[in-house]
Amino acid sequence: MSLSPSSGPDAVPPTTAPPRIFDAGRREARLARSERRLTQADFLHVRAAENAVGSLEAILRDFPVAVDLSAHPGPFARALASSEAADRVGRIVAPTSRAERAAPGRDALPLEDETTDLIVSLLNLHWANDLPGALAQIRRALKPDGLFLGALFGAGALKELRAVLTEAELAERGGAQARVSPFADGYDGAALLQRAGFALPVSDVDRFVVRYPDMFALVRDLRAMGETNVLHGPIRSLNRAIVSRAAHLYAERYGDADGRISATFEIIHLAGWKPHESQQKPLPRGSAKVRLADALGVKELTGEEGDPA
């Protein structure tokens with residue numbers, strides 16, 4: 001497999017560059033600072049990696065060449081090493097440039113078209129300015145019938161933190177700046193894969209709550225993961241009054257009886273295949289042999305019978 005830029009016929013022309021939502025330089029700096037501290041707060045990356053490996057264990061086929069495009073490549077390799085799928089996945093290649101992981105889709109992937117059997121991207125694609133474009137690059141790099149496994153934060157992630165920071169800044173300054181990144185809607189996962197040209201798309205949402213001693217402990221974990229604010233444009237620092245008010249609001253509204261607070265996380269898991277003629281095709285419309293009403297064991301209503309009273 002050659003690590004040279006993809007340049008397929010459907011590559012996105014530079015004149016159609018998407019709007020800049022995130023600042024790649026800030027994201028790269030956050031990743032750099034987080035690398036020494038990730039082990040203190042890698043539970044989300046471990047969870048995403050274990051889910052991806054679980055999917056591989058259910059697929060009884062070999063993937064001779066795999067590429068890991070994750071924000072932090074280590075968790076996937078470690079989870080795979082101790083799994084039943086380890087013998088079915090060959091060498092794992094991870095781009096050495098932090099810049100490539102900081103801004104997925106900004107530049108062409110360092111992969112030739114149709115050279116890879118498996119591509120994994122865990123907790124990185126939510127920083128893409130052009131998510132469909134980044135997915136299309138991944139699809140082009142896969143061999144026909146190659147597999148993509150991805151995970152990114154969904155819209156429900158950190159909803160409590162988003163709410164209290166906004167309210168606290170409004171109260172102290174009379175206006176609020178976005179502090180938590182806009183995440184994709186979990187229900188759009190399969191549609192995103194289809195738009196990027198993947199076959200047999202599957203999307204699943206993993207939503208769970210993590211409890212912390214206070215808001216400051218949550219922010220420390222986010223910094224250790226490199227997941228703090230990298231939105232494009234000027235960022236006005238939060239002063240002590242805003243932070244104090246936000247922490248008080250968090251404890252008041254989302255605190256438990258024991259004084260700890262709850263933080264919601266939402267991870268969208270994606271799986272899609274590079275199209276191939278051997279793959280299962282949906283049946284043509286109108287070709288069904290059994291009526292839906294019969295399959296469900298219910299009475300089929302006519303238009304008049306089905307109208308509400």
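Of the 309 residues of the protein, 45% count as buried in this predicted model. The protein contains 11 helices and six strands. Among contacts with a separation of 6 or more, 87% are between residues 24 or more positions apart.

The six strands form an open sheet with the order S2-S1-S3-S4-S6-S5 and mixed pairing. Strand S2 (89–93) and S5 stand at the edges with a single partner strand each, so one side of each is left without a neighbour in the sheet. From one strand to the next, the twist averages 15°. Strands of a sheet pair through backbone hydrogen bonds, in either the parallel or the antiparallel sense. S5 and S6 run antiparallel and are joined by 12 bridges. Asp206 has Ile267 of S6 as its bridge partner, and Ser203 has Leu270 of S6. S4 and S6 also pair in the antiparallel sense, over seven bridges. Here the bridge partner of Leu149 is Ala271 in S6.

Strand S6 is mostly covered, with 13 of its 13 residues buried. In a regular strand the side chains alternate between the two faces of the sheet. Ile261, Ala263, Phe265, Ile267, His269, Ala271 and Trp273 point one way from S6, while Ser262, Thr264, Glu266, Ile268, Leu270 and Gly272 point the other way.

Helix H3 (residues 74–81) lies across strand S1 (63–68), S2 and S3, and runs at about 165° to S2. Helix H5 (residues 131–141) lies across S3 and strand S4 (142–153), and runs at about 145° to S4.

Helix H6 has 15 residues and reaches 21 Å from its first C-alpha to its last, close to the 21 Å expected at 1.5 Å a residue. Glu160, Leu161, Val164, Leu165, Ala168 and Glu169 are buried in H6. These residues cover an arc of only 145° around the axis, which puts them on the same side of H6. An α-helix has 3.6 residues a turn, so residues three or four places apart point the same way. The buried residues of H6 pack against helix H8 (215–225), H9 and S6. Just after H6, Gly174 takes a positive phi of about 80°.The structure holds 11 salt bridges. Side chains of opposite charge can pair when their charged atoms come close. In one of these salt bridges, the side chains of Glu172 and Arg245 meet with an N to O distance of 2.8 Å. Glu172 lies in helix H6 (residues 159–173) and Arg245 in helix H9 (residues 240–254), so the pair ties together parts that are 73 residues apart in sequence. Both partners are partly exposed, Glu172 with a relative accessible area of 34% and Arg245 with one of 36%.

A second salt bridge joins the side chains of Lys274 and Glu114 (3.6 Å, N to O). Lys274 lies in the loop between strand S6 (261–273) and helix H10 (292–296), and Glu114 in the loop between helix H4 (98–102) and strand S3 (116–122), so the pair ties together parts that are 160 residues apart in sequence. The relative accessible area of Lys274 is 7%, so Lys274 is buried. Glu114, in contrast, is partly exposed, with a relative accessible area of 44%.

A further salt bridge is formed by Arg211 with Asp256, the closest N and O atoms being 2.8 Å apart. Arg211 lies in strand S5 (residues 199–212) and Asp256 in the loop between H9 and S6, so the pair ties together parts that are 45 residues apart in sequence. Arg211 counts as partly exposed at 37% relative accessibility, as does Asp256 at 31%. Salt bridges that share partners join Arg211, Asp256 and Asp258 into one network.

Key
Residues are numbered from 1 along each chain as its sequence is written. This is a predicted model: local features need pLDDT of at least 70, side-chain atom pairs count only at pLDDT 80 or more; totals for chains, interfaces and linings use all residues. Side-chain values use heavy atoms; hydrogens and water are left out. A salt bridge is a side-chain nitrogen of Lys or Arg within 4 Å of a carboxyl oxygen of Asp or Glu. Helices (H or I, at least four residues) and strands (E, at least two) are DSSP runs, numbered from the N terminus. Buried means under 20% relative accessible area, exposed over 50%, partly exposed in between (1.4 Å probe, protein chains only). The expected span of a helix is 1.5 Å times one less than its number of residues. The arc is that of the directions from the helix axis to the C-beta atoms. Contact means heavy atoms within 4.5 Å. Two strands pair if DSSP finds at least two bridges between them. Axes are lines fitted to C-alpha atoms, for helices over the stretch in contact, and angles run from 0 to 180 degrees between N-to-C directions.
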